[in-house]
Amino acid sequence: MKLLWKCLFSPRLYKVYKEGPQDALYEAQGMEKWGDKVITMANTILNITLYTSPFMCMYIYKRDFFTIDETRLIGRVFSSIGCILAFSFILRAYGRSTNPKYVKFLQALSSSMNDKKVYLSGIRQFDFEFHAWPTTFSMKSSGRAPWFEQNPFNTTANSELPGYQRVIIQVLAYVVTHTFGLRLIYPGSMAILQSMLWGPLFQGRTHLVEDFDGQRSKLLTSDGNHIDTMFVDMRNQSLPSQGKILVICCEGNSGFYEFGIMTTPVKAGYSALGWNHPGFAESTGLPYPSQEHNAIDAVMQYAIEDLGFDPEQIVMFGWSIGGYSAAWAAVNYPVRGLVMDATFDDLLPLAENQMPSSWSLLVKEVVRSYVNLHIANLVTKYDGAIRLVRRTEDEIICLRQGQLSTNRGNYLLIKIIEHRHPEIMEKPFAKENLLRLVALQDPQRADYNSALVPLISKYMRDLGSSHCTPLPEDHFVSIMDSIETENN
């Protein structure tokens, strides 16, 4: 009975690692299988009902279903459904309690955590619902900010507007950001997209665990979010100069560690730590800048305190919008280097380019007040080794398709050179020459005799590809070698 009771509320098991093909799921048998089907079907119907509830209530009201007799009928229907669900839960629990694989999993999950390393080694043999995963590393709670600091109308991006217009824009910006705006900026936080990608996410996670001995962990941030991470340790499996370097990977706005940029450093022989943004896949929360800061802060502390890497052994690797989190970490920790692939300087020009010009005031308010991802401002606070990768066929961060001169990565590079080499930028026409040279590809630029050419080549290199093409391992190794040379 004790085992049956545990199985009643235990998590769903997806896979027992290294048993059968990589794409093979844990198969429920007999009563567990039928109970699972009923529960899954009921959950799907419930989700559909929640989204359509306003229309259903209107229909019920118009059909005059709110009479006493009809209410009793509806009550009996729901009571019957409840009984069926309760019976299904009992069936599933009994089926689980008689399945040796599930019992083995449950024993590992419910065992003592006195020896944390042994406990984690036991549960990492399984893939299961992440809400049941124990917290591996916790940050100290930051507490709740005072009410006046949480006031969304404290600041405005359109201060030049008359008071009544400014208030209207602020209210609209708040509503837009907290309904669909943030999800348009970070599509990976959409539940429907995550549901569609469940299979690839599962397969990618399995690939990292079975092929590279990946270690999954749950981190608790200072604001209470749980961050899903995956660590691949290459310290004992590759050259010391590579495996002892940890590459922390920050994904794009639709990227997940399961099938994102993490495999590039791993295949190149480096240790790697991937994580999912707040609200992405199994990570909780939403990717507001403050939650992003707390998430990457927890990842950094986990890498230092639990995994045993010094900040000087860590290289931040950010792709696309992930360059913001990577740059924030580089500013706040003395890391070895910062690599930003297909990253832009500022979100605002890209957002304005995608929206009608009549929305410009609203777009500016949304970005500057709630999602102010100004990467160029961040990198001016970082003086360590930095490398940019520009995609020459980038279709995402170019304001005009096919025009390399409109790639927003150009302006990120310009900001870096202006900050680090003011003596060169003070020369006459330096800014104009830099704009002209940056708009060219590497082979074209080599024909010019200018002091700016070696600076551009030092901080940025071109890759002839589109925005989402994986960065080749040899390209990444070359970048890491240049960072190593600079540090030495």
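Trainee: How many helices and strands does the protein chain have?

Mentor: This is a predicted model. Its protein chain has 488 residues, and 48% of them count as buried. The elements of the protein chain come to 22 helices and 11 strands.

Trainee: Which kinds of residue make the contact of α17 with α19, and how many of each?

Mentor: From α17 come Asn 410, Tyr 411, Leu 413, Ile 414, Ile 417 and Glu 418. From α19 come Lys 431, Leu 434, Leu 435 and Val 438. By kind, they divide into seven nonpolar, one polar and two charged.

Trainee: Within what arc do the buried residues of α19 fall?

Mentor: The buried residues in α19 are Ala 430, Leu 434, Leu 437 and Val 438. An α-helix has 3.6 residues a turn, so residues three or four places apart point the same way. The buried residues of α19 line one face of the helix, because seen down its axis they fall within an arc of 95°.

Trainee: What covers the buried residues of α19?

Mentor: Leu 434 and Val 438 are buried, and both take part in the contact with α17. The cover also includes a strand and other helices. Among the covering elements are α17, α18 (422-425), α20 (442-445), α21 (452-459) and β10 (385-391).

Technical notes. Residues numbered from 1 in each chain as written. Predicted model: local features only at pLDDT ≥ 70, side-chain atom pairs only at ≥ 80, totals over all residues. Heavy atoms only, no water. Contact = heavy atoms within 4.5 Å. Helix = DSSP H or I, 4+ residues; strand = E, 2+ residues; numbered from the N terminus. Nonpolar A, V, L, I, M, F, W, Y, C, P; charged D, E, K, R; others polar. Buried < 20%, exposed > 50% of the residue type's maximum accessible area, 1.4 Å probe, protein only. Arc of directions from axis to C-beta.
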